[in-house]
Amino acid sequence: MHTKIPRLQTIYDRFESEAQPYKAQAACRKGCAYCCTDAGAIHITTLEGLAIREAVAGLAKPQRAAIAKTLDKERKRREKGQTAPCPFLMKNKACMIYPARPFACRRIYSLQTCHQAQPPVLSRQVMAMGDLAIRDLQQLDDTGYSGHISYILHMLASDRFLETYLAGAFKPEEVSDFGKSHQILINRMVTAKPMEPSAPS
């Protein structure tokens, strides 16, 4: 395990504790997966991507193969400007990596039941707390990047990139072409400007 991964949970827990009074009235219920299918893009940091990879590594081989295939399809759909359900969403609307889900998933909630004509309704206070948590996540992952989950996991699937990242090296020139074409953010350059949250596409 990467030494910084446990510190992700500290940031997640602090946000959850501070946001709980506002989220107590949330309309979200088990089995509601609107945010996983229709509400927009899920952005993560590379460190969160490592945590997700570790969670996936613990799944059965057929599941891992299916996830890899689905991630590849989602990446290609995103590259065409199309939306797609989260690759980790199961048929029963449950998340197969729930304990390791990224902050983008932990942050989103709604004060009203969501549907096509009613996107998530969030508290301004919680949105502001989320922006601060994202800044903390990016500062924690200061040699990493932020972007759509399918793009970040695609980058981490590259042995060369993974080796560089795990070594703690900072070489944005190695991902410059992919980064520019896929709107990948360099964490240490955007900590004063939080990563865009999931929003209706």
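Trainee: How many bridges join strand 2 to strand 3?

Mentor: Bear in mind that this is a predicted model, in which local features need pLDDT of at least 70 and side-chain atom pairs count only at pLDDT 80 or more, while totals for chains, interfaces and linings use all residues. Residues are numbered from 1 along each chain as its sequence is written, and side-chain values use heavy atoms, with hydrogens and water left out. Helices (H or I, at least four residues) and strands (E, at least two) are DSSP runs numbered from the N terminus, and two strands pair if DSSP finds at least two bridges between them. Strand 2 and strand 3 run antiparallel, with Ser146 standing opposite Leu185 in strand 3, and the number of bridges joining these strands is two.

Trainee: Which strands are the edge strands?

Mentor: Strand 1 also pairs with strand 2 in the antiparallel sense, over three bridges, and His43 stands opposite His148 in strand 2. Together the three strands make an open sheet with the order 1-2-3 and antiparallel pairing. An edge strand pairs on one side only, and that is the case for strand 1 and for strand 3 (185–186).

Trainee: Which residues of helix 7 are buried?

Mentor: Relative accessible area, computed with a 1.4 Å probe on protein chains only, sorts residues into buried (under 20%), exposed (over 50%) and partly exposed (in between). Seven of the eight residues of helix 7 (residues 149–156) are buried, so this helix is largely enclosed by the rest of the structure. Contact means heavy atoms within 4.5 Å, and what covers the buried residues includes strand 1 (43–45), helix 3 (46–57), helix 4 (61–79), strand 2 (145–148), helix 8 (159–166) and helix 9 (176–181). The buried residues themselves are Ile149, Ser150, Tyr151, Ile152, Leu153, Met155 and Leu156.

Trainee: Is the pair of Tyr145 and Phe161 stacked, edge-to-face or tilted?

Mentor: Rings of Phe, Tyr and Trp (its six-membered ring) pair if their centres lie within 6.5 Å, and planes under 30 degrees apart count as stacked, over 60 as edge-to-face and the rest as tilted. The structure holds five aromatic pairs. In the one formed by Tyr145 and Phe161, the ring centres are 5.8 Å apart and the planes stand at 50 degrees, so the pair is tilted.

Trainee: How many residues apart in sequence are the parts that this pair ties together?

Mentor: Tyr145 lies in strand 2 and Phe161 in helix 8, so the pair ties together parts whose separation in sequence is 16 residues.
Phe161 also forms an aromatic pair with Tyr165, which is stacked, with 6.1 Å centre to centre and 5 degrees between the planes, and both of these residues are buried. Phe161 and Tyr165 both lie in helix 8, four residues apart, whereas the separation for the parts tied by Tyr145 and Phe161 is 16 residues.

Trainee: Over the ring of which residue does the charged end of Arg101 sit?

Mentor: A charge sits over a ring if NZ of Lys or CZ of Arg is within 6 Å of the ring centre and within 35 degrees of the ring normal. The charged end of Arg188 sits in this way over the ring of Phe170, 4.0 Å from its centre. For Arg101 the distance from the ring centre is 3.7 Å, and the ring belongs to Tyr98.

Trainee: How many disulfides does a search of the whole structure find?

Mentor: A disulfide is a pair of cysteine sulfur atoms within 2.5 Å, and the search of the whole structure finds zero. Cys28 is in no disulfide, since the nearest cysteine sulfur, that of Cys32, is 6.0 Å away. Cys28 is partly exposed at 35% relative accessible area, as is Cys32 at 44%, and the number of disulfides found is zero.
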